[in-house]
Amino acid sequence: FLAVAYTFTDTEDKVTGLKLIRRPDHKFSANANYIFLEDGNINLEFIYFGTREVNGFGWPASRVELDSYYLVNARASWQLNENFQIFGRVKNLFDEEYEEILGYGTPGINAYAGVKSTF
């Protein structure tokens, strides 16, 4: 299956008239999932976050615009039998450097793998 979503957000602080912080005007995502040989599953996810304003450093805090960024994530699993499944995922596949909050780092590429058992 393929799922696509787009969000346009137009915000305003009712007191100051400024845009609300940390909310991108544009956000887009696409997710593709493929089931193969009845027991395997592959999933690819693309997420785009548009520019957004945040509070800068100093007093009084001034507004700063953070760059837009995109993330690509991948997941796969294989059902070995009715009791065991192996799985793995890679987040931030292309090692995108980005900030969600000014001055706070975010993880680069990272991977996880495991075995799930149910009885």
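Surface patches are built from residues with over 30% relative accessible area and no salt bridge, where like charges are joined within 9 Å and nonpolar side chains (Val, Leu, Ile, Met, Phe, Trp, Tyr) within 5 Å. The views show a predicted model, in which local features need pLDDT of at least 70 and side-chain atom pairs count only at pLDDT 80 or more, whereas totals for chains, interfaces and linings use all residues. Residues are numbered from 1 along each chain as its sequence is written, and side-chain values use heavy atoms, with hydrogens and water left out.

**View A. A nonpolar surface patch includes Ile86.** Leu80, Phe84, Ile86, Val115 and Phe119 make up the patch, which together has about 540 Å² of accessible area (Shrake-Rupley method, 1.4 Å probe; for residues, only the protein chains shown count as cover). Ile86 belongs to strand S7, residues 84-91 (strands are DSSP runs of E, at least two residues, numbered from the N terminus). With a relative accessible area of 37%, Ile86 is partly exposed (between buried, under 20%, and exposed, over 50%; 1.4 Å probe, protein chains only).

**View B. Arg63 and Glu53 form a salt bridge.** The N to O distance between these side chains is 3.1 Å (a salt bridge is a side-chain nitrogen of Lys or Arg within 4 Å of a carboxyl oxygen of Asp or Glu). Because Arg63 lies in strand S5 (residues 63-66) and Glu53 in strand S4 (residues 52-55), the pair ties together parts 10 residues apart in sequence. Arg63 is partly exposed at 31% relative accessible area, as is Glu53 at 25%.

**View C. Lys19 and Asp25 meet in a salt bridge.** Their side chains are joined at 2.7 Å, N to O. Lys19 is partly exposed, at 28% relative accessibility. The count of salt bridges comes to two.

Key:
Helices (H or I, at least four residues) and strands (E, at least two) are DSSP runs, numbered from the N terminus.
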